[in-house]
Structure formats: C-alpha cells, structure tokens
Amino acid sequence: MVTTDLLGRARSAVEPVLRQRVDTLPDRMRLIAGHHFGWWDSAGNAHRGGTGKAVRPALVLAAAEALQASPDTAVTVAAAIELVHNFTLVHDDVHDQDVRRHGQPALWTVYGTVDALLAGNALLALGLETLATHGEVPSAAVARLARCVTELCEGQSMDIAFEQRPGITLDECLLMSARKTGVLLGCACAVTALTAGADAAVVDALDDYGVEIGVAFQFANDLLGIWGDESATGKPTGSDLARLKKTLPIVRALGSEPELAELYANGVELDDEQARYAASLVIRSGARDWAESEIRRRIDVAITHVDRAVGGSEKLTALAELAVRYYRDNLA
C-alpha cells in the first residue's frame, strides 16, 4: 500500500538523524528522550519500543519530491519537525495525565513530571537548532517553525481551558483543533516549500493542505476517543466521554442533547454505563455522522490545495487519505 511504504521509508530516513541529534543532549536528557522514542529502556539498555506513524516526516519528504527539492535537506526538515512534534507529545501526556504512549509507559510516569517536561523542552530546542544550523535552510523557515510552536502552545492552552469552561462553541473547538493538530502538519509542508525556494502562493497552499488534513486527523482521534479499539488507541473505549472531554463531536452533540449537557454539567466523571449511554446520545444527535463526513470533506479540500500548489501529487493525496484509514482501522 502506498501510504504504508511512504511512512516506512520516512521513518527509516529520519531515525538516524533523530538519533544523531538526541545524542548531543546532556546525559539525563538523552536518556529520557531516547526512552521516549523507544530506543532504550529507562536504564539505557537497547530496546525497541513503539513508535509513531511518522506522518509528518512522510509529508515533508512527499512535499519535497513534489517540489523537486533537495532530499538531504528534506530529511533535516523532517527530523526537525518530528522533534518538535515529540515535544508536544511529552507535554500532552503530562497535561492529560495519560499513562501510556506508543504502548509503553509515558515519560512522566517513569521519570516524574519535572524531568519529563524538561526533556520535552530539550526536544523543542533541538528541533529548532536542527533546522537553524542546516546551511540550506533559510531563516524564514526557522521563523515559520518558531511561530508554529507558539500556535501549538495556544491550541494546548485552549484545550486545557475548555475542560473547565462551560459553553464552548463549535467554532472555538474547531480553532483549537487547527491550532493543536493542524498547524504543525501545515508547517511541515510550508517549511519544506520555503527550503525549496517556492513562491508565497505555493507555500500558503501547502500550509493550507497540511492544516486541513491535521483537522481531519483530529476528527478521527476524537471519534476514536469515544469508539476506538483500546488495543489500538491505548485508551479505554469511551474514555473521552468518561473524562468529560470537550472534543469536536461531543461539543456538537452538547448543543442539541440536553441529557448529555446535564451529565457534563454535573462535573463528575462517568462510569462505564453512563459513558455508553452518553455515546448513544452523541449518535442520536447526529454528531458522529457529522464528524465522519467532516473527515472526508477536509481531505477533499486538502487535495484541492495540493492541486493548486503543485498540480497534483499521488503521495500527498495518499497521505491525506490516511486519515480515513486510520479512523476505520482503529474502531472497536
């Protein structure tokens, strides 16, 4: 399958650079970062743990190919983006108190919250340094990635604030999803275009493409947070409802299902039976069907941006379509 091949080749191309960069960290930070990537255990013994999908590196390499950019520079860009992405994962696990990541204990559960956050900060610094010290990367690309980090922080801040704030609107939730998930995928493509010397229209079109598929993936994640297979997602089925999370389909349902709104207003985590009933209310509201259709619509819009930027790309199209497969493959 095209996407499986793309993701596998991207992971193989980027991992040596990631290892090289992580090896430059101080010993403690190196140990924690390498454990996060699944390269060794908490004692530093060689170990092959779970890894991510490598969507962002694959996007960079596919965009670089479409733009006929330098493959070597593209690998550097992909590594920088992946380092920044993993900074967000480490911090997300702390903020959400998630205990597992890629099938292994989350860093904060092994090393403590402080060291986990510091290791995440080190990965962020390393990502920016990786991009800034490559001779063929223009300063505008480094500035674009730095600005993206600010947007990511805004998205995470909104997500945390929404947990305590009543009356979240769907537009606010969509903006949060674009900031938290979409902007880094858009940035991956935009930075690649900047390093290829593309004009502003191409940079913007590829940025728009990445944001759209990022939001499509967020819709998929949010649906899996309710109906996902625990063995695939690492979270119990219905966990987002049990924890009273305000994700896209849930916010849509809250606007039309008073019973669901009442469960949330009580502010008490739901037991299994209540979570199953809440999930039925989300379905009854039409929010599940709406979210599934939004995945398809966002992908279709993303593909129009690819056509606008480079006249079409089989690989970028295949990566956009991955959001649908990811959702369908991980349902309970």
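Me: Where is Gly-44 found?
Reply: To place a residue, look for the elements on either side of it. This is a predicted model, and in it Gly-44 lies in the loop between helix 2 (27-36) and helix 3.

Me: Is Ile-303 buried or exposed, and what does it contact?
Reply: Under 20% means buried, so Ile-303 makes it with 17% relative accessibility. Setting aside neighbours within four places in sequence, Ile-303 is in contact with Thr-317, Ala-320 and Glu-321.

Me: Next, helix pairs. At what angle do helix 3 and helix 4 pack?
Reply: You compare the directions of the two axes. Helix 3 (residues 55-66) and helix 4 pack at about 155°, and their axes are 8 Å apart. An angle over 145 degrees counts as roughly antiparallel, so that is the word for helix 3 and helix 4. The crossing of this pair is right-handed.

Me: Which residues meet between helix 3 and helix 4?
Reply: On the helix 3 side you'll find Arg-56, Pro-57, Val-60, Leu-61 and Ala-64. Their partners in helix 4 include Ala-74, Ile-81, Glu-82 and His-85. Sorted by class, the residues of this contact are nine nonpolar, one polar and two charged.

Me: Let's zoom in on His-85. Where is it, and is it buried or exposed?
Reply: His-85 sits in helix 4 (residues 71-96). With a relative accessible area of 13%, His-85 is buried. Not counting residues up to four places away in sequence, His-85 touches Arg-56 and Leu-184.

Me: How do I read a nonpolar core, and how many residues are in the largest one?
Reply: Think of buried nonpolar residues linked to one another through their side chains. The largest core here has 67 residues, and Leu-59, Tyr-209, Leu-241 and Ile-295 are the ones with the most contacts inside it. Helix 9 (residues 200-227) gives this core its largest share, 15 residues. There is also a second, separate core of 50 residues, with Trp-39, Leu-83, Ala-119 and Leu-123 among them.

Me: What does Leu-59 touch?
Reply: Beyond residues up to four places away in sequence, Leu-59 touches Leu-185, Cys-189, Tyr-209, Ile-213, Leu-316 and Leu-319.

Me: Are helix 9 and helix 16 roughly parallel or roughly antiparallel?
Reply: Start from the angle again. Helix 9 and helix 16 (residues 314-329) pack at about 10°, with axes 8 Å apart. That makes the two helices roughly parallel. The contact of helix 9 with helix 16 has 15 nonpolar residues, one polar and no charged. Among them are Tyr-209 and Phe-217 in helix 9, and Leu-319 and Tyr-326 in helix 16.

Me: And how do helix 9 and helix 15 pack?
Reply: This time the angle is about 160°, again with the axes 8 Å apart. Helix 9 and helix 15 are therefore roughly antiparallel. Helix 9 passes helix 15 in a left-handed crossing. By class, their contact has 20 nonpolar, one polar and seven charged residues.

Me: Last topic, the backbone. What is the phi of Gln-97?
Reply: Most residues other than glycine have a negative phi. Gln-97 has a positive value near 60° and is not a glycine. Gln-97 lies in the loop between helix 4 and strand 1 (100-101), and is partly exposed at 44% relative accessible area.

Me: What about Leu-244, and is it buried or exposed?
Reply: Leu-244 isn't a glycine, yet its phi is positive, at about 60°. Leu-244 is found in the loop between helix 11 (239-242) and helix 12 (248-254). With 12% relative accessibility, Leu-244 counts as buried.

Terms used:
Residues are numbered from 1 along each chain as its sequence is written. This is a predicted model: local features need pLDDT of at least 70, side-chain atom pairs count only at pLDDT 80 or more; totals for chains, interfaces and linings use all residues. Side-chain values use heavy atoms; hydrogens and water are left out. Helices (H or I, at least four residues) and strands (E, at least two) are DSSP runs, numbered from the N terminus. Buried means under 20% relative accessible area, exposed over 50%, partly exposed in between (1.4 Å probe, protein chains only). Contact means heavy atoms within 4.5 Å. A nonpolar core is a set of buried Ala, Val, Leu, Ile, Met, Phe, Trp, Tyr and Cys residues joined through side-chain atoms within 4.5 Å. Axes are lines fitted to C-alpha atoms, for helices over the stretch in contact, and angles run from 0 to 180 degrees between N-to-C directions. Angles under 35 degrees count as roughly parallel, over 145 as roughly antiparallel, 65 to 115 as roughly perpendicular and the rest as oblique. A crossing is left-handed if the near helix is turned anticlockwise from the far one by less than a right angle, and right-handed if clockwise. Ala, Val, Leu, Ile, Met, Phe, Trp, Tyr, Cys and Pro count as nonpolar, Asp, Glu, Lys and Arg as charged, and the others, Gly among them, as polar.
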